[in-house]
Structures are given as structure tokens and as C-alpha cells.
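Please look over the sequence and the structure below, and keep both at hand while reading the report that follows.

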Amino acid sequence: MFSNFQLFVYTVDEYKRFSNFLFVKEPNTIADEYSESDYVGIQVRLMLLRKYFSNGKNPENVSFKRIVTEAIASFPNIKNELNELLEEFDEIEKQQVEHLLSDGTKLNIYSTIEDSVYGLYLHAEKRRIENLIKTTEAIRFTCIRQYVLAIENLVFRVYDILKKCGVTLVG
């Protein structure tokens with residue numbers, strides 16, 4: 001039976017295949033233009049990263065917080081480094097940069113992320129899609145790109161830590 005660490009390593013290995021194939025230009029400024037390839041790459045990454053940032057009532061076995069919390073218990077010698085990653089994750093999740101929809105509604109980055117993931121890609125939730133339609137695509141993309149690249153970086157860092165701690169898919 002696989003541990004949550006092994007599941008995490010396996011899913012990140014698979015995620016890396018997509019992220020390496022779907023190259024995304026790193027923005028120089030928040031207002032950088034983007035190509036259709038950048039757009040698709042970021043949106044696919046967003047959908048694939050969902051399992052790591054979902055923290056609802058029943059978080060995924062590989063959710064970032066679950067994995068890092070378990071790693072703190074399993075590898076107490078690197079507790080401080082892991083706690084720093086949890087703090088960085090919380091900062092990303094708490095970002096309250098807001099943007100206005102065409103009807104004057106204010107949304108923060110996380111609401112925009114949820115509208116995209118749950119409203120457009122995983123389901124077809126009317127209210128969420130209406131929000132997306134009322135959002136300027138460039139603003140929405142900029143918010144999502146910033147979030148995806150930050151979360152991806154943390155996921156890769158935890159992956160590297162687990163590998164250094166000897167987590168493998170065998171045994």
C-alpha cells in the first residue's frame with residue numbers, strides 16, 4: 001500500500017511531464033502579454049494542481065497541507081524548513097488582491113481560481129461562469145498565472161525535500 005508521500009511523489013512526477021511539455025513564459029511584469037500557448041499551459045496546470053491546493057472538509061491525500069504536516073511529523077529534523085513552506089502556502093492562499101467585474105462585483109484571486117477550476121473546467125456552474133464572463137480575460141489570466149507558478153514552486157520544493165528524505169515509489 002502506498003503512503004501519502006509516495007502518492008505525492010508519483011503524482012508530481014506525472015505533473016512534471018505536463019509542466020515540462022506545456023512550457024509557460026515566466027512573466028517579467030504582472031502586465032506581460034501572453035500567448036495562446038501560455039494561456040493553455042497555465043489553465044492545464046491549474047486543473048492538475050487542484051489536488052494539491054484543495055483544503056476542504058475532505059482534503060486530497062496529496063494536498064499540500066496534509067503532505068507537509070505529515071512530513072513535519074515524519075522528519076522532525078527539517079521541521080523549520082517545512083513550517084516555512086506552510087507559511088508561504090498560507091500567504092499565497094490569503095492573497096486578497098481584488099479585481100472588479102464589469103458589474104462592479106469584487107473578487108479576490110482565490111475566488112477567480114475557484115471560478116475557473118470549478119465553474120469552467122471541472123463543472124459548468126452557472127454563477128461561476130457568469131463571473132468569468134464579467135472578468136477581463138487578461139486580468140483573470142494574470143491572477144491565475146501568478147497563483148499557479150507560486151503553488152507549483154512550493155509543490156516542487158516539497159517534492160525535492162521528500163526525495164532527499166528517501167521517499168521512493170518502491171518499498
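Predicted model: local features only at pLDDT ≥ 70, side-chain atom pairs only at ≥ 80, totals over all residues.

How are α1 and α7 oriented to each other?

## How the helices cross

The axes of α1 and helix α7, the latter made of residues 137–164, come within 10 Å and cross at roughly 130 degrees. The two helices, α1 and α7, are therefore oblique to each other, and the crossing in which α1 passes α7 is left-handed.

For helix α3 (residues 64–74) and helix α4 (residues 79–93), the axes come within 9 Å and cross at roughly 165 degrees. An angle over 145 degrees counts as roughly antiparallel, and this is why α3 is roughly antiparallel to α4. Here, too, the crossing is left-handed, with α3 passing α4.

## Salt bridges between separate parts of the chain

Side chains of opposite charge can pair when their charged atoms come close. In the whole structure, a search finds eight salt bridges. One of them joins lysine 65 to aspartate 90, with the closest N and O atoms 2.9 Å apart. Because lysine 65 lies in helix α3 and aspartate 90 in helix α4, the pair ties together parts that are 25 residues apart in sequence. Lysine 65 counts as partly exposed, at 32% relative accessibility, and aspartate 90 also counts as partly exposed, at 24% relative accessibility.

Another salt bridge is formed where the side chains of lysine 134 and aspartate 103 meet, at 2.9 Å from N to O. Lysine 134 lies in the loop between α6 (126–133) and α7, while aspartate 103 lies in the loop between β1 (98–100) and β2 (106–108), so this pair ties together parts that are 31 residues apart in sequence. With 29% relative accessibility, lysine 134 counts as partly exposed, and aspartate 103, with 43% relative accessibility, counts as partly exposed as well.

## A network of charges

Which residues are linked in a network of salt bridges? They are Asp115, Glu125 and Arg128.

Glutamate 125 has a relative accessible area of 30% and is partly exposed, whereas arginine 128, at 13% relative accessibility, counts as buried. The reason is that a residue is called buried when its relative accessible area is under 20%.

## Buried residues and their distances

Is arginine 145 buried or exposed? This residue is found in helix α7, and because its relative accessibility is 2%, arginine 145 counts as buried. Arginine 145 and leucine 132 are 13 residues apart along the chain, and their C-alpha atoms are separated by 15 Å. Leucine 154 is also found in helix α7, and at 1% relative accessibility leucine 154 counts as buried. From leucine 154 to threonine 105, the C-alpha atoms are 31 Å apart in space, and the two residues are 49 residues apart in sequence.

Leucine 22 has its place in the loop between α1 and α2 (36–53). Since its relative accessibility is 18%, leucine 22 counts as buried. Leucine 22 and lysine 94 are 72 residues apart in sequence, and the distance between them in space is 27 Å from C-alpha to C-alpha.

## A nonpolar patch on the surface

On the surface, Phe2, Tyr10, Leu169 and Val170 form a nonpolar patch, and together these residues have about 440 Å² of accessible area. One of them, tyrosine 10, lies in helix α1, which runs over residues 4–21. Tyrosine 10 counts as exposed because its relative accessibility is 52%, and the cut-off for exposed residues is over 50%.

Technical notes: Residues numbered from 1 in each chain as written. Heavy atoms only, no water. Patch = residues over 30% accessible without salt bridge, like charges linked within 9 Å, V, L, I, M, F, W, Y side chains within 5 Å. Areas by Shrake-Rupley, 256 points an atom, 1.4 Å probe, with all protein chains shown as cover. Salt bridge = Lys/Arg side-chain N within 4 Å of Asp/Glu carboxyl O. Helix = DSSP H or I, 4+ residues; strand = E, 2+ residues; numbered from the N terminus. Buried < 20%, exposed > 50% of the residue type's maximum accessible area, 1.4 Å probe, protein only. Axes fitted to C-alpha atoms, helices over the stretch in contact; angles between N-to-C directions. Parallel < 35°, antiparallel > 145°, perpendicular 65-115°, else oblique. Left-handed = near helix turned anticlockwise from the far one by under 90°.
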